Amino acid sequence: MGHEYETSRIEKLAERLGVLSNRSTGTTKQRQGTSAEVERIAETGRLSSYPDPESWHEWTEYDSTGDPTEYSVVPTACFNCEAGCGLLTYIDKDTGEIRKIEGNPEHPGSRGRNCAKGPATVNQINDPQRIEHPLKRDGPRGSGQWTQVSWEDALADIAGEMREAIVDGRGNEITYHVGRPGHEEYMDRVIDAWGLDGHNSHTNICSSGARTGYGLWHKYDRPSADFANAEVVLLLSAQLESGHYFNPHAQRIMEGMQDGGQLAVMDPRLSNTAAMADLWLPTQPGSEAAVLLAMANVIIEEELYDEEFLRNWVNWRQFLDEEFPNRQRDFHTYLDTIRELYADFTPEFAAAESGVDAEKIESLGRKIGTAGDRFASHIWRSAASGNEGGWQVSRTLHFLSVLTGSVGTKGGTSPNAWHKFDPHLPNEPPRQKLWDEIQLPREYPFAHYEMSQLLPYFLKEGRGKLSVYFTRVFNPVYTYPDGFSWIEALTDEEKVGTHVALTPTWNETAYFADYVLPMGHSPERHDIQSQETHAGTWVTYRQPVLREYAEREGEDVEFTYEANPGEVWEEDEFWIELSWRIDEDGELGIREHFESPYREGDSGDDGDGGEGSGPAKMTIDEYYRYVFEQEDGLVELAEERDMTPLEYMKHHGAFEASQNDYELHREPLDESILEADDVTVDEYGTIRRGEKPETASASDGSEVLGVMVDGEPRRGFPTPTGKQQFYSKTMAEWGWDDLEYTVPHYLKSHVHPENVDYEDGEMVLVPTFRLPTAIHSRSSNSKWLEEISHNNPVWLHTKDASRLGVETGDLVRVESEIGYFVNEVWVTESIKPGIAAMSHHMGQWKVRREDADGSEIQEGGDPYGKVTVDLDNDASQWGMRQVEGIHPFESDDPDSERVWWTDGGVAQNLTHAPHPDPISGMHAWHQKVTVRPAEPDDYYGDVYVDTDRSFEIYREWLDKTEPAPGPDGLRRPKWLKRPIGPSTAPGEDDAWYVDGPVGRPERWDPETRSPTDDGSSAAADDD
């Protein structure tokens, strides 16, 4: 029997006040177990987490009132971080609107699960101040005055500027600068079709430190850890909450822990991830390589290494030949040599450098050695992006994988390319043949990749100019160090010609554009994306769901913006239309790469016609149809479902191309390859086609095909020896010939304690983490995410707070090399003493502007997360003061009048000086700062910066580099990765050499690193 419902005193009071319905009067209601009947809202059926894919277009759900809603469920992929998790959008058939968004269970990476950022996409779509139409500036750049224009007018104007630059031989004055790519190789073919070296990215403020360390080992520049099957996982980041691919990775890390695996985290903060770990190692920033080498020391000394892997898959012979030619050339000599090389890296030494207990370091090293090939690790940003020499952190981390033989194993760490979908593209153009030194200058031959953070300084020095500058989902004014130098460059029309901002939201950089072109959020665009989330390969199809729904309903949609809100478009179609107009007569050789692979049009029209004698313009469906038809497994699966491959991807949203991809380096090669006349095997067992190059940097006439192991030809790794590069002859050839550079080693950071005067109040600022609900610079138009996280206080340890006399909530001034910012303090013991920490991705702003009559200009600004500021500028002196915080506002969304928070955070990156690592090119984010109590005239959010001082610091760091040319006059080692780099084919590779074509007239003298006196070109003109 059930029991009678008894109300509490509080509930009775609430009933009298009308807060709760009156439940204490009348007939007593009964609980479970009685014979009372409950009327069902929905029919009896099987409970499931998600609708069956077969019913996605005809799906019914009941709301809280019991009323049914008919949905069409359309899959897409999230665009709010790099993971590309699957999403399902629920489109109300009555209204045609997206009602909600949840995970796609068909997605092999995310498996139907999402973090808060995925469902919050619906906020971004319904942002009351989103950009819905193309805008052109109508006043001085940065004035906040805009006029709505048509897509046709914008395309015609931009295409005309580009065509003129290309015809005049100034093609490399066109730059495409991307923040969040989100697609596989699409822009590669576009830029190659243009024939330009115009690709630039955000990588050097993100991940180039880690990329360089991994790339020196085996060319592959990112890790892919098999967390679910690991016995020991070591993370150098806050992976579970905010790291790289954190949702798919977090799932698998937790699965591994539930299965008995152990988790260790190296982080100076007690992040949420560290709090969940079995072992937290709160390292002094920059000391991580010393700690990792101490673990390597334990593994070597206790002989826990994998002898077979080291013997067969590491270039130890080359190491002995180059560095110890007088020693015996055998494997045991190598073991003795590395034991000697790392003897000083004891746990006690690492403890002194890091502040972590030596016993913990030793214990973890032993656990890793014991785990053997079930050791998984990951680093992406964190210490590798924070420190000068941070690339040695990822290199030493991978050294542990090499020692334990856990490279590519089940439960180990693989190269990312083993788990990435590689699409075959239609009408693929040849590689471009130019080198743009304003993207990748000769000072940084090892940079991974373009030196984007230095663009304002390159322009200031007169190294070149930009005629057409695209910023795509990219916001350097806010995201990059020293954003005021970016404002100086973007407002100088002699340095930057036409600036086109392709963006789904207003941002600080778009305010200084000539065109702001609205691009779609994840449910409003086409892309394919593939990421290394586990030991398998998948591809997801990001699609504009309202367009797909319209087509399901029988409508004919030509362009995506016809189905999206307003005229919101997508980049994929934009680039097709723009490229078609650049080459209006086909004479530039661009248009042919955007022709349909299936249809011919009327040669007398613009190529949009049907059958005819001339080429037809490729449609977006034809592009993806072609890509999907080249994947045999997808073709087979689609045929089983009586679908075309494109139909399958539109319906399911994702495809798993392979599973359990382990130890691909051991794959056997056909032995007949050894019989070819032009194939040789050198003294290191490297199988080559063509003559062996004179240096490790060159590749002329030589192609590494594999490596001999125990007399058998194997796939190996794409390196100069076909093996793991413990020793980098390439580094030695380019002037970095000390052992601390050529092998995994410890480089002291620019914020090493010996460089910080703690007695004078100096500290290390760690800004390399984010809160898990933050989306780079795209959180501010999401009401749900902003309500959860909207400020970024300075973390201070209780000892430092006591020393400064401040408490939680007090204001402090944080002084950097170039200025200061004012923020509140959060006092905690979750951070090491002497360290200050502050989350990035907070503190977005818009400028208060007035027109000629003094009335305020209402420029878009994501009112859920952007504060309003005044900017003061006197020559190189810049100041910012917040004049209006977040507040309720009127809109079509009733929630906008319920905004309760006023804080939008503080923009710290503006005060960061440029710190380009001399080898990786990575901006070293850690800052040496002085934290003081705020002064009487300081206000929350105040920022001050001197851009002249910032330029001086840029030049100081530039002097640390070893510029090209390298061996044979090369600009960069050919075997290292470079996105959309020039052709390396013999006879087509002139751009790789300093005397070859650079494609941009320069006024830069590489000897003095300053502009030439007469303003003449210091390098070859366009070829």
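**Ground rules.** I am working from a predicted model, in which local features need pLDDT of at least 70, side-chain atom pairs count only at pLDDT 80 or more, and totals for chains, interfaces and linings use all residues. Residues are numbered from 1 along each chain as its sequence is written, and side-chain values use heavy atoms, with hydrogens and water left out.

**Entry 1, the sheet.** I looked up an open sheet of 4 strands and found the order β12-β11-β10-β13, with parallel pairing. Strands here are DSSP runs of E with at least two residues, helices are runs of H or I with at least four, and both are numbered from the N terminus. Two strands pair if DSSP finds at least two bridges between them. Which strands stand at the edges? They are β12 (279-281) and β13 (375-378); each has a single partner strand, so one side of each lacks a neighbour in the sheet. From one strand to the next, the twist averages 15°; axes are lines fitted to C-alpha atoms, for helices over the stretch in contact, and angles run from 0 to 180 degrees between N-to-C directions.

I then checked β10 (residues 232-235), which is joined to β13 by 4 bridges, the two running parallel. L235 has H378 of β13 opposite it.

I followed α9 (residues 288-301) to helix α13 (residues 347-354): their axes come within 8 Å and cross at roughly 170°. On the α9 side, A290, V291, A294 and V298 make the contact; on the α13 side, P347, F349, A350, E353 and S354 do.

How many of the 8 residues of α20 (residues 545-552) are buried? I find 6, so the helix is largely enclosed by the rest of the structure. Buried means under 20% relative accessible area, exposed over 50%, and partly exposed in between (1.4 Å probe, protein chains only). The buried ones are V545, L546, R547, E548, Y549 and A550. Their packing partners include β2 (68-77), β3 (86-92) and α21 (571-582). Just after α20, G554 has a positive phi of about 95°.

D482 sits in the loop between α18 (476-479) and α19 (483-490). Is D482 buried or exposed? It is buried, at 0% relative accessible area. D482 and L910 are 428 residues apart in sequence, yet 4.5 Å apart in space, C-alpha to C-alpha. Beyond its neighbours within four places in sequence, D482 contacts residues including Y457, I818, N909 and H912.

I counted 0 disulfides, taking a disulfide as a pair of cysteine sulfur atoms within 2.5 Å. The sulfur of C85 is 5.9 Å from that of C81, its closest cysteine sulfur, which is too far for a bond. C206 is in no disulfide either; its nearest cysteine sulfur, also that of C81, is 11 Å away. C85 is buried at 7% relative accessible area, and C206 counts as buried at 7%.

How values were computed. Contact = heavy atoms within 4.5 Å.
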